[in-house]
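Reader: I am new to this structure and would like to learn how to read it. Please show it to me first.

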Amino acid sequence: MKDINLFQLGYGLETGAQEEDTTRGLAPANESVLPRDVFDESRDDHFIRRDGSVFAGTHLIIEVVDGEGLDDEARIQQAFRDCVETCGATLLHIHTHKFSPQGVSGVAVLAESHISVHTWPEIGYGAFDVFMCGDAEPWKAVDVLGRAFSTADVRVKELKRGEGVVAEAGIAA
């Protein structure tokens, strides 16, 4: 019965993948979009323009060290929701998976990109990615995660995704 329910939800029984949603006017992956269409001056592109740079989004690699509750799926899901709200992002979907005997992997899919995690609770470690574009403020997630997992040891590396690539495509700063 479980497989039938997954099938009805649009999940592929072999891979767990969902069928692509083309009902909202999104182009299927096999149809190419020309750069001139993507970079049309009248289009709201959601690229970030900061300090003379233009890039697609801010991707934070966040390491939670000596954290508590990293084996608690509900706590991780709440941390995702709190990050989304605090950062000013838009939550589309959360999916987590609890491993046995320990550990959780999960992703929060956002309109602005995603938040993901994989945890090693036995050593108090959580590896988070927070990637957001547009007006969202991903750096606000750092304090949220520290509070959510009761630690002051939160380490961060920042990547400006698409830096240089976006500028080469003709986007003005």
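Reader: What is the strand order in the open sheet of six strands?

Author: This is a predicted model, in which local features need pLDDT of at least 70, side-chain atom pairs count only at pLDDT 80 or more, and totals for chains, interfaces and linings use all residues. Residues are numbered from 1 along each chain as its sequence is written, and side-chain values use heavy atoms, with hydrogens and water left out. In general, strands of a sheet pair through backbone hydrogen bonds, either parallel or antiparallel. Here the order is 4-5-6-7-3-8, with antiparallel pairing. Strands (E, at least two residues) and helices (H or I, at least four) are DSSP runs numbered from the N terminus, and two strands pair if DSSP finds at least two bridges between them.

Reader: Which are the edge strands?

Author: Strand 4 (91-98) and strand 8 (154-161), each of which pairs on one side only. Strand 8 is joined to strand 3 (residues 57-64) by eight bridges; in one of these pairs, isoleucine 61 is partnered with lysine 157.

Reader: Which strands does helix 4 lie across?

Author: Contact means heavy atoms within 4.5 Å. Helix 4 (residues 140-148) lies across strand 3, strand 7 and strand 8.

Reader: Is glutamate 112 buried or exposed?

Author: Buried means under 20% relative accessible area, exposed over 50%, and partly exposed in between (1.4 Å probe, protein chains only). Glutamate 112 has 13% relative accessibility, so it counts as buried. This glutamate lies in the loop between strand 5 and strand 6, and the residues it touches, not counting those up to four places away in sequence, include Thr90 and Phe131.

How values were computed
Axes are lines fitted to C-alpha atoms, for helices over the stretch in contact, and angles run from 0 to 180 degrees between N-to-C directions.
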